[in-house]
Amino acid sequence: MVDTNFDVIIIGSGPGGYVTAIRAAQLGFKTAIVERAYLGGICLNWGCIPTKALLRSAEIFHYMQHAKDYGLSAENISFDAAAVVKRSRAVSKRLNDGVGFLMKKNKVAVIWGEAAIEAPGKVVVGAAKSEAPKGALGAGSYQAQHIILATGARPRVLPGLEPDQKLIWTYFEAMVPDRMPKSLLVIGSGAIGIEFASFYRTLGAEVTVVEVLPQILPVEDAEISAFARKSFEKQGIKILTGAKVTKLEKMPNAVTAAIDDGRAAPSHLSSTA
């Protein structure tokens with residue numbers, strides 16, 4: 001019979017959730033963690049880790065293109081987009097498996113499904129849309145003295161700019177492209193937006209970044225932001241600050257964006273698949 005009573009239940013297995021679960025178990029609490037999609041959460045599976053793997057491939061490709069600068073010789077430099085993505089996913093999978101190992105090692109029960117708190121101390125878990133890892137508990141009703149929410153973040157959908165998974169991407173699609181776009185418009189210049197801009201530009205796409213605030217990387221120091229902007233523009237990335245996308249017009253293989261930068265008439269920019 002499955003034991004459904006715990007001292008602590010944590011909802012969400014990202015860096016906040018799984019680290020908390022480990023520590024709670026180490027302190028002697030009977031602990032469970034609920035996850036509906038990926039152990040390790042967005043950061044490990046679709047954010048920080050796989051983007052760094054993509055950027056590493058782009059960095060090496062850049063060095064190979066400039067081998068002469070290091071007294072080296074390399075010819076017929078090219079890349080395999082599918083292989084670059086495959087490596088990135090493999091890095092995330094390895095760390096995902098590592099989180100599962102840590103849960104088992106620290107005797108943290110993994111409950112697979114989507115959680116809802118129905119009453120104080122009561123967590124009801126519905127069926128998951130993804131395959132559960134081996135040994136995970138499934139849908140059902142669970143009790144806990146303490147419930148910790150660690151549900152993380154989701155992509156923000158802007159009105160009129162709704163993603164279609166083909167021409168308008170969120171970071172999910174940008175992480176696993178089935179092709180390299182000829183041109184790309186990145187809306188937002190936070191860390192994630194700039195990482196994608198740098199990756200795709202290094203692999204040959206024409207990239208434009210639109211930021212509504214006066215500087216890129218808006219949470220960073222102004223001096224750092226200015227230095228980064230010069231570096232990215234040197235790479236060939238076009239950056240528009242104090243600007244916003246007001247409208248998108250979709251065609252079969254391209255999107256045209258109307259960009260308002262405070263001038264009399266909005267400019268238009270096309271991104272091509």
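**Salt bridges and a buried strand**

Lys-30 has a relative accessible area of 34%, which makes it partly exposed. The model is predicted.

Reader: Why is Lys-30 called partly exposed?
Author: Buried means under 20% and exposed means over 50%. Lys-30, at 34%, is in between, so it counts as partly exposed.

Reader: What makes Lys-30 and Asp-3 a salt bridge?
Author: The closest N and O atoms of Lys-30 and Asp-3 are 2.1 Å apart. The cut-off is within 4 Å, so the pair qualifies. Lys-30 lies in the loop between α1 and β2, and Asp-3 in the segment before β1, 27 residues apart. Asp-3 is also partly exposed, at 41% relative accessibility.

Reader: What separates Asp-97 and Lys-93 along helix α4?
Author: They are 4 residues apart in this helix, which means a separation of about one helical turn. Their closest N and O atoms are 2.9 Å apart, and they form a salt bridge.

Reader: Why is Arg-229 called partly exposed?
Author: Its relative accessibility is 23%. Buried would need a value under 20%, and exposed a value over 50%, so Arg-229 is partly exposed. Arg-229 forms a salt bridge with Glu-233.

Reader: How do you know that strand β11 is largely enclosed by the rest of the structure?
Author: Of the 7 residues in β11, 6 are buried, so the strand is largely enclosed.

Reader: What makes β10 and β11 a pair of strands?
Author: Pairing needs at least two bridges, and 6 join β10 to β11, so they pair. The two run antiparallel, and Leu-248 stands opposite Ala-257.

Conventions
Residues are numbered from 1 along each chain as its sequence is written. This is a predicted model: local features need pLDDT of at least 70, side-chain atom pairs count only at pLDDT 80 or more; totals for chains, interfaces and linings use all residues. Side-chain values use heavy atoms; hydrogens and water are left out. Buried means under 20% relative accessible area, exposed over 50%, partly exposed in between (1.4 Å probe, protein chains only). A salt bridge is a side-chain nitrogen of Lys or Arg within 4 Å of a carboxyl oxygen of Asp or Glu.
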